[in-house]
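Welcome, and please open your viewer. We will walk through pockets and aromatic rings, one selection at a time.

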Amino acid sequence: MSFSGEVKKELAALEVHAGHCQLAELAAVLSGSGQIYMHAGRMHVTLTTENIHVAERYAKLLQMAGNITVEITQAHSVRQKNKVSYVADLSEEKAVAKLFLLLKIIGKDGHIRENMTLADGLLLQKNCCKRAFLRGAFLAAGSMSNPKKSYHFEMVCTERQKAVQLQELFGAFQLEAKLTARKNHEIVYLKEGSQIVDALNIMGAHVALMDLENVRIIKEMRNDINRRVNCEAANINKTVNAAYRQQEAIRFLEKQKILQGLPKQLQEIAALRLENPEATIRELSGLCCPPVGKSGVNHRLRRLEEIAEQMGYEKRNDQS
């Protein structure tokens, strides 16, 4: 099962006791995967999903929130024989009317709202209901990538209004969800790992949240180790290049019989560098007699290079 599938399975198993939260989640599921239409003179409310856990959750919400029973059937794709969809079709007149009243699709005046699948704001006034709605929206039309590969969380909407509604609900929890268009759909998405963690927490997917956090920790540890290794390698490379450059300059001074005429402290550090080609500046400072600080050793080695250059020594390009 995919990571998205695991998240949906976890969310579908959550217990929701408050009736107002049940209605908010039900409205989101219907908004994301439902259709409301007339057929043979009867109004139908149909949910179609490829996830059995979502279908069962929808049926359970109908039962809990409105004591409405719906049957789940299977539909097989003609083109893809192994592809199965789960359909929950509600067409009984009293049940449909009751659902419309519960979800405020029909007002007290008996008029049907223009956009029947856009959730009524009255269902989303409490923070707990906003959480429930986001949970239902993810169940119906959400997905996320495997965090081991990348961080991406999205919900697909059929209309701009629905996408904006979801974006505003995320904003109520200080999450900056982005909008984009893909083919004939509007996409609400999050890309940052920390924001996806927050979204999972808001929806109640705490097991998935911990799995994602574990992946993030491992990724951060690996990145930190890689940074340290790269930094250490760069420092070693820098030290090796500097030592090689210093030795070449000293050998030039020896060959030109210039070294013997330099001050004793410069002769001493030159000899120590040639005797200890791989030693660090700290190690060279301890070999001096008397010991000299790192800055003193650096100064003497730079002075040797300067004198060599003044006397005609030319550094190779790869020594700079």
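Begin at the second largest pocket, with a volume of about 240 Å³. A pocket here is an open set of points on a 1 Å grid over the protein atoms alone, where a 1.4 Å probe fits, with protein on both sides within 12 Å along at least five of seven lines. The volume is the space filled by probe spheres set on the points, which are joined across faces, edges and corners.

Before going on, note that this is a predicted model: local features need pLDDT of at least 70 and side-chain atom pairs pLDDT 80 or more, while totals for chains, interfaces and linings use all residues. Residues are numbered from 1 along each chain as its sequence is written, and side-chain values use heavy atoms, without hydrogens and water.

Now select G32, S33, A140, A141 and V156, the closest to the centre of the second largest pocket among its 18 lining residues (those with an atom within 4 Å of a point). Helix 2 (19-33) and helix 5 each supply at least two of the lining residues; helices are DSSP runs of H or I with at least four residues, and strands are E runs of at least two, numbered from the N terminus. The lining divides into four nonpolar, ten polar and four charged residues. In this scheme Asp, Glu, Lys and Arg are charged, Ala, Val, Leu, Ile, Met, Phe, Trp, Tyr, Cys and Pro are nonpolar, and the others, Gly among them, are polar.

Next, move to the largest pocket, which holds about 290 Å³ of space. Select K238, T239, A242, I281 and N298, which lie nearest its centre among 17 lining residues. Helix 8 gives the most to this lining, with seven residues.

Pick F138 and F153, a stacked pair at 5.2 Å centre to centre and 15° between the planes. F138 lies in helix 5 (residues 127-141) and F153 in strand 6 (residues 153-157), so the pair ties together parts 15 residues apart in sequence. Both F138 and F153 are buried (under 20% relative accessible area with a 1.4 Å probe, protein chains only).

Finally, show K8, which lies over the face of F138 at 5.7 Å from the ring centre.

Methods. Rings of Phe, Tyr and Trp (its six-membered ring) pair if their centres lie within 6.5 Å; planes under 30 degrees apart count as stacked, over 60 as edge-to-face and the rest as tilted. Buried means under 20% relative accessible area, exposed over 50%, partly exposed in between (1.4 Å probe, protein chains only). A charge sits over a ring if NZ of Lys or CZ of Arg is within 6 Å of the ring centre and within 35 degrees of the ring normal.
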